[in-house]
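Q: I have a structure open and would like to learn how to read its features. Where do we begin?

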Amino acid sequence: MAEMGSKGVTAGKIASNVQKKLTRAQEKVLQKLGKADETKDEQFEQCVQNFNKQLNEGTRLQKDLRTYLASVKAMHEASKKLNECLQEVYEPDWPGRDEANKIAENNDLLWMDYHQKLVDQALLTMDTYLGQFPDIKSRIAKRGRKLVDYDSARHHYESLQTAKKKDDAKIAKAEEELIKAQKVFEEMNVDLQEELPSLWNSRVGFYVNTFQSIAGLEENFHKEMSKLNQNLNDVLVSLEKQHGSNTFTVKAQPSDNTPAKGNKSPSPPPDGSPAATPEIRVNHEPELASAATPGAALPKSPSQPTDASEVAGGTQPAAGALEPGETAASEAASSSLPAVVVETFSAAVNGTVEGSSGAARLDLPPGFMFKVQAQHDYTATDTDELQLKAGDVVLVIPFQNPEEQDEGWLMGVKESDWNQHKELEKCRGVFPENFTERVQ
């Protein structure tokens, strides 16, 4: 017993607490059975409902924020691995190696800074906000117990007053206990009646500050990351230009049902790099004499491959059949202009238009050269590019200004769009050659 007293717990206090629990239990049973009335406060009950809703929302927000932070950390690790891979494959003698390594370091620091600021400005604030709920929740539960004590004391006092045999001493003591229970309950009730509405209203400002912080941090992060990505892109473009002769464009592999190309070798691009420009055959063939009408010359379409039998049978005309001016013009064009311009120039010298024999083909766009079929999907990244799906057929046409043609890009219009609109201005666009395969 002395030991219990030394800890501030006495047998009398324990007995008092046990008695209170029994009294509360009896009172609740009577209230549920309808044998005793219960003090109701609808306004306070609404405050408690708002409190529970606010607590649930805050708990969910905290959970989702932690999930977001975990995702940021995972993206940081993935980005770090990707940059490490770039550093490993970037050979020592390539220009821009130091710049690429510095960009990778800054990328890593930017991810770390973003994650830490999210923790400081969002997660810790979230934890502080939720830290006030347990104490208030405990006080709400305690108020409920004190309300039961008050109702119990009130019912006890009323039963003594209505008893047939009244005991003034017991009535006085019951009245004293009622006043005491009422005072304790009302003190707690008043405090909570003030705090709960205030806490409920604070949620708006908290949500605004939290999401503003997250949005601002994410915006700044993406701005800085965009600068680093642009710097890395510049380094890689510089590398490509300085090592252009060693660059090999990865071309799409033809599928089994794709028509095979002709036996003609592709014309080499102006800079000598393989597969850098479309396969465009320059037509330097002279006018062929017609078998039906001797002496009449028929132009040969540039898109038609030379028949093997013509070569084998010796039907190729002699070089002397060309006009002197035509030979000089063809040689000059082939040595100084892009392949697209050369073919257009050659067609103009011969007096023909692609797909025509004396009259232009009305079912093909002006300047049509050949058809290609998309082997892979291509997502356009600019307004002047074509959006391609695997299987789309594109009618290739020359650039209006040959100087605008970039290496490895073609100008064309999707066959489906041309058949529907017949307007080049609305339908034409550029696309990467290595996503397509020539079919005609």
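This is a predicted model: local features need pLDDT of at least 70, side-chain atom pairs count only at pLDDT 80 or more; totals for chains, interfaces and linings use all residues.

Q: Which strand does β6 pair with, and how many bridges join them?
A: In general, strands of a sheet pair through backbone hydrogen bonds, and the pairing is either parallel or antiparallel. Here, β6 is joined by four bridges to strand β5, residues 409-414, and the two run antiparallel. Two positions can be found on the model: Trp-409 has Pro-432 of β6 as its bridge partner, and Met-411 stands opposite Val-430 in β6.

Q: In what order do the strands of the sheet lie?
A: The order is β6-β5-β4-β3-β7, five strands in an open sheet with antiparallel pairing. The edges are held by β6 (429-432) and β7 (436-438). Each has a single partner strand, so one side of each is left without a neighbour in the sheet. From one strand to the next, the twist averages 50°.

Q: Now the helices. At what angle do α4 and α6 cross?
A: Helix α4 covers residues 97-131 and helix α6 residues 168-242; their axes come within 10 Å and cross at roughly 175°. An angle over 145 degrees counts as roughly antiparallel, which means that α4 is roughly antiparallel to α6. Sorted by class, the contact between α4 and α6 has 17 nonpolar, seven polar and five charged residues.

Q: How do α3 and α4 pack?
A: Helix α3, residues 42-89, packs against α4 at an angle of about 170°, and the axes are 10 Å apart. The contact of α3 with α4 has 18 nonpolar, 11 polar and six charged residues.

Q: How many aromatic pairs does a search of the whole structure find?
A: The search finds 10 aromatic pairs. One of them is formed by Tyr-129 and Phe-206, whose rings are stacked at 3.8 Å centre to centre with 10° between the planes. Tyr-129 belongs to helix α4 and Phe-206 to helix α6, so this pair ties together parts that lie 77 residues apart in sequence.

Q: Are Tyr-129 and Phe-206 buried or exposed?
A: A residue is called buried when its relative accessible area is under 20%. Tyr-129 has 6% relative accessibility and therefore counts as buried. Phe-206, at 10%, counts as buried too.

Q: Which residues do ring pairs link into a cluster?
A: The cluster consists of Phe-51, Tyr-129, Phe-133, Phe-206 and Tyr-207.

Q: Where does the charged end of an Arg sit over a ring?
A: There are two cases to look up. The charged end of Arg-203 sits over the ring of Trp-200, 3.7 Å from the ring centre. The charged end of Arg-438 sits over the ring of Phe-370, 4.1 Å from the centre of that ring.

Technical notes. Residues are numbered from 1 along each chain as its sequence is written. Side-chain values use heavy atoms; hydrogens and water are left out. Axes are lines fitted to C-alpha atoms, for helices over the stretch in contact, and angles run from 0 to 180 degrees between N-to-C directions. Angles under 35 degrees count as roughly parallel, over 145 as roughly antiparallel, 65 to 115 as roughly perpendicular and the rest as oblique. Ala, Val, Leu, Ile, Met, Phe, Trp, Tyr, Cys and Pro count as nonpolar, Asp, Glu, Lys and Arg as charged, and the others, Gly among them, as polar. Two strands pair if DSSP finds at least two bridges between them. Rings of Phe, Tyr and Trp (its six-membered ring) pair if their centres lie within 6.5 Å; planes under 30 degrees apart count as stacked, over 60 as edge-to-face and the rest as tilted. Buried means under 20% relative accessible area, exposed over 50%, partly exposed in between (1.4 Å probe, protein chains only). A charge sits over a ring if NZ of Lys or CZ of Arg is within 6 Å of the ring centre and within 35 degrees of the ring normal.
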